[in-house]
Amino acid sequence: MKPYLRRAFYYETDQMSIVHHANYIRWMEEARLDFMRQGGLDCMDLEREEIIIPVVDVACKYIQSVHYDEQVRIFVKMTAFNGVRMAFAYRMETEDGKLAASGTSSHCFVDRQTRRPVNLNRRNPQACAAGKRLLEAET
């Protein structure tokens, strides 16, 4: 699995050219969706089947500031998957390989109409199999 590459945009920074802390959460989402797509668990395919993936919790630990126009490599690892819930860990590194931030998030699969949890193994076994493969994937 390839890491997600992201360059810090000007609008994401404060007056000191430091990326605002909320943007790291957005970057984690971008990286997670890219990771899932690489592994065959495309969020848009699930949404076409009326399955949505809300965030249950998210955390981020800030280590070193990222500045405007710096590129960050975001490594994603799926840490849990059971067909109903999944969790991820993130590692954000600067261009010189230094740790800028780390984070975690957890999610569940929900039917868009009923807002009830969905078991992917029953509703979409192919997507469930992709999730299981992602759990074993190396980044």
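Reader: Which residues are buried in H4?

Author: A residue counts as buried under 20% relative accessible area and as exposed over 50%, with partly exposed in between (1.4 Å probe, protein chains only). In H4, Ala-127, Cys-128, Ala-130, Gly-131 and Leu-134 are buried. Seen down the helix axis, these buried residues of H4 fall within an arc of 160°, so they line one face; the arc is that of the directions from the axis to the C-beta atoms. Gln-126, Arg-133 and Glu-136, on the other side of H4, are exposed.

Reader: On what numbering and model does this rest?

Author: Residues are numbered from 1 along each chain as its sequence is written. The model is predicted, local features need pLDDT of at least 70, side-chain atom pairs count only at pLDDT 80 or more, and totals for chains, interfaces and linings use all residues, while side-chain values use heavy atoms, leaving out hydrogens and water.

Reader: Why do residues three or four places apart point the same way in an α-helix?

Author: An α-helix has 3.6 residues a turn, so such residues point the same way. Helices (H or I, at least four residues) and strands (E, at least two) are DSSP runs, numbered from the N terminus.

Reader: What covers the buried residues of H4?

Author: Contact means heavy atoms within 4.5 Å. The cover includes H1, helix H2 (43–48), E4 and helix H3 (120–123).
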